Amino acid sequence: MKHLFENKIFTLASPNLKHYQPMRTLFSLAFGIFFSSAALAQSWQMPQLPQEPQPATIQPANVVRFNSGTPSTSPAFQNKQPDAMAIYEADRRRLEQEQRQEALQKQQILDEIADAFGPKTGSGYAAATLPGNPEAAAYVQAYNQLNNMLTGQQPASLKQAVFIVENAWFDNKMNYAAYDQRIRNLVEFARQKMRQDKADTGNEAKNYMLFRLLSEPLTITDPRTGKKATSTPLHYDFDDFYGREDWTKMFVTKLLNTGYGQCHSMPLLFNILAEEFGAKAYMSFGPSHCFAKYQSGSTFKNVELTNGHITTDAFVLASGYIKASALRSHIYLDTVGLQQQIAFLIGDLAAGYMRKFGSDYFVGRCIETAQKYYPNDAHAMAMKANYITDMFKQSLAQLGGMPKEQVLRIPNMKKLHDAMLASYADLDNAGYAEMHAEEYEDWLKSADEQKRKQDYELFLHYQKTHKPTLSNGAN
């Protein structure tokens with residue numbers, strides 16, 4: 001019997017790469033991005049450096065005196081004696097000049113930081129070139145390809161978009177033909193299984209078959225050879241499921257290569273297969289979680305490949321992390337269509353870029369594009385807050401520990417500080433939340449029959465107050 005995961009696309013041994021360590025770990029779902037907005041907003045205590053002497057406190061320079069007693073009072077000697085007040089005035093003018101020069105240099109530094117990092121509007125960002133860093137060229141190329149899909153300059157394809165993002169991490173060294181063939185093999189297996197079972201070929205039946213293909217072993221007879229072939233279900237990878245140590249843990253190609261994945265790669269693979277199978281499926285999000293959705297009558301069913309269950313929104317609601325404001329803002333439990341999925345992947349692209357090269361204008365560019373096409377993307381919102389905070393911290397470092405009151409008198413810094421606080425407020429108002437890794441793992445394991453029965457009452461209440469929505473571009 002043939003093992004569906006036996007052929008590897010590539011070796012996942014990571015090259016010796018410099019990993020970016022963000023100042024806050026944001027981004028549930030593995031995208032490397034978690035942070036506490038309240039703590040950042042309230043705990044900024046600027047280091048207080050010794051104050052530079054002000055003119056009123058400067059002591060006159062020591063006047064040279066001779067050991068022979070009282071200095072001579074002759075006019076000739078008095079003309080040669082150092083004038084204490086003149087020295088004081090000279091020192092004061094010198095100090096003021098140095099302070100003006102230092103302030104000018106600091107403002108120039110801030111202007112450079114604003115040019116390099118600051119989100120721009122209208123004319124857009126600076127040209128996407130990274131002098132001295134040729135490795136980043138793959139990311140620039142990937143961004144342009146994804147952006148072309150969003151603007152209609154090339155056909156939108158989730159399968160291609162996922163490969164583009166992951167291939168950028170490996171500097172365009174992956175094999176698309178092998179990746180594409182693996183997808184085709186899985187879709188053909190599902191198609192043959194439906195034919196041999198004489199199953200209904202409607203949208204719900206196709207989605208359910210894909211769920212079965214990825215969650216349980218299925219056997220078909222090869223119509224050409226008469227041999228049996230059996231699929232192998234996917235498994236949840238509980239080791240580093242946020243990808244903090246190994247970013248490739250998040251990749252669909254890693255899932256295809258090993259059969260192990262998590263709530264980022266699994267729903268993406270499901271939606272890729274649905275796209276290729278001609279089925280209509282969506283993505284949806286919860287705090288630190290992602291899953292697939294498909295419509296069943298007047299409601300939606302959730303495909304939880306992380307634990308091998310078909311569930312409802314009640315399962316996610318039972319985590320206790322979803323606020324009413326999150327339902328109103330549609331950042332959680334909404335249906336996310338193809339265009340928004342590609343915008344979401346631009347956020348993925350930025351997250352991988354930061355791990356390799358750090359945070360710069362390219363990250364801001366990705367965030368701006370992602371939010372343009374998917375305004376309710378909680379991960380892009382969190383990444384934006386992290387990005388602006390990183391800008392602010394880097395600017396503070398350039399200012400050398402200037403007191404907070406002085407920092408906020410600098411126009412660029414005041415604007416950046418206000419934008420930082422506004423980004424925190426946006427997250428709070430949208431109902432953004434995170435789950436700790438241990439709680440998330442326990443919650444995933446709770447999806448048994450008894451738990452679903454306990455959640456049924458909550459689900460009934462939710463159904464009465466919320467109708468299915470396709471507001472995030474499910475088309």
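How many helices and strands are there in the chain? I counted 18 helices and 9 strands in the chain, where helices (H or I, at least four residues) and strands (E, at least two) are DSSP runs numbered from the N terminus.

**Basis of the entries.** I worked from a predicted model, in which local features need pLDDT of at least 70 and side-chain atom pairs count only at pLDDT 80 or more, while totals for chains, interfaces and linings use all residues. Residues are numbered from 1 along each chain as its sequence is written, and side-chain values use heavy atoms, with hydrogens and water left out.

**Whole chain.** I looked up burial and found that buried residues make up 50% of the 475 residues; buried means under 20% relative accessible area, exposed over 50%, and partly exposed in between (1.4 Å probe, protein chains only). The accessible surface of the chain comes to about 22900 Å², of which 51% belongs to carbon and sulfur atoms. Such areas come from the Shrake-Rupley method with a 1.4 Å probe, and for residues only the protein chains shown count as cover. I then turned to contacts (heavy atoms within 4.5 Å). Among those between residues at least 6 apart in sequence, 72% join residues at least 24 apart.

**Salt bridges.** Side chains of opposite charge can pair when their charged atoms come close. My search of the whole structure gave 12 salt bridges, each being a side-chain nitrogen of Lys or Arg within 4 Å of a carboxyl oxygen of Asp or Glu. One of them joins Lys159 and Asp180 at 2.4 Å, N to O. This pair links distant parts of the chain, with Lys159 in helix α5 (residues 158-169) and Asp180 in helix α6 (residues 176-197), 21 residues apart. I noted that Lys159 and Asp180 are both buried. Lys159 and Asp180 also belong to a network of salt bridges with Arg184 and Glu276.

Because Glu188 and Arg191 are 3 residues apart in helix α6, about one helical turn separates them. Glu188 is partly exposed, with a relative accessible area of 33%, and Arg191 is partly exposed at 25%. I also recorded Asp222 with Arg224, whose closest N and O atoms are 3.5 Å apart; Arg224 counts as exposed, at 76% relative accessibility.

**Helix α6 against α9.** How do these helices cross, and at roughly what angle? The axes of α6 and helix α9 (residues 265-277) come within 10 Å and cross at roughly 65 degrees. I took axes as lines fitted to C-alpha atoms, for helices over the stretch in contact, with angles running from 0 to 180 degrees between N-to-C directions. The crossing of α6 and α9 is right-handed; a crossing is right-handed if the near helix is turned clockwise from the far one by less than a right angle, and left-handed if anticlockwise. Among the residues that make the contact are Ile183, Val187 and Arg191 of α6 and Leu269, Ile272 and Glu276 of α9.

**Helix α4 against α5.** The axes of helix α4 (residues 137-151) and α5 come within 8 Å and cross at roughly 170 degrees. That makes α4 roughly antiparallel to α5, the term for angles over 145 degrees.

**Arg182.** Lastly, I looked up Arg182, which lies in helix α6. Arg182 is buried, with a relative accessible area of 6%. Arg182 and Asn257 are 75 residues apart in sequence and 9.5 Å apart in space, C-alpha to C-alpha.

Key
Angles under 35 degrees count as roughly parallel, over 145 as roughly antiparallel, 65 to 115 as roughly perpendicular and the rest as oblique.
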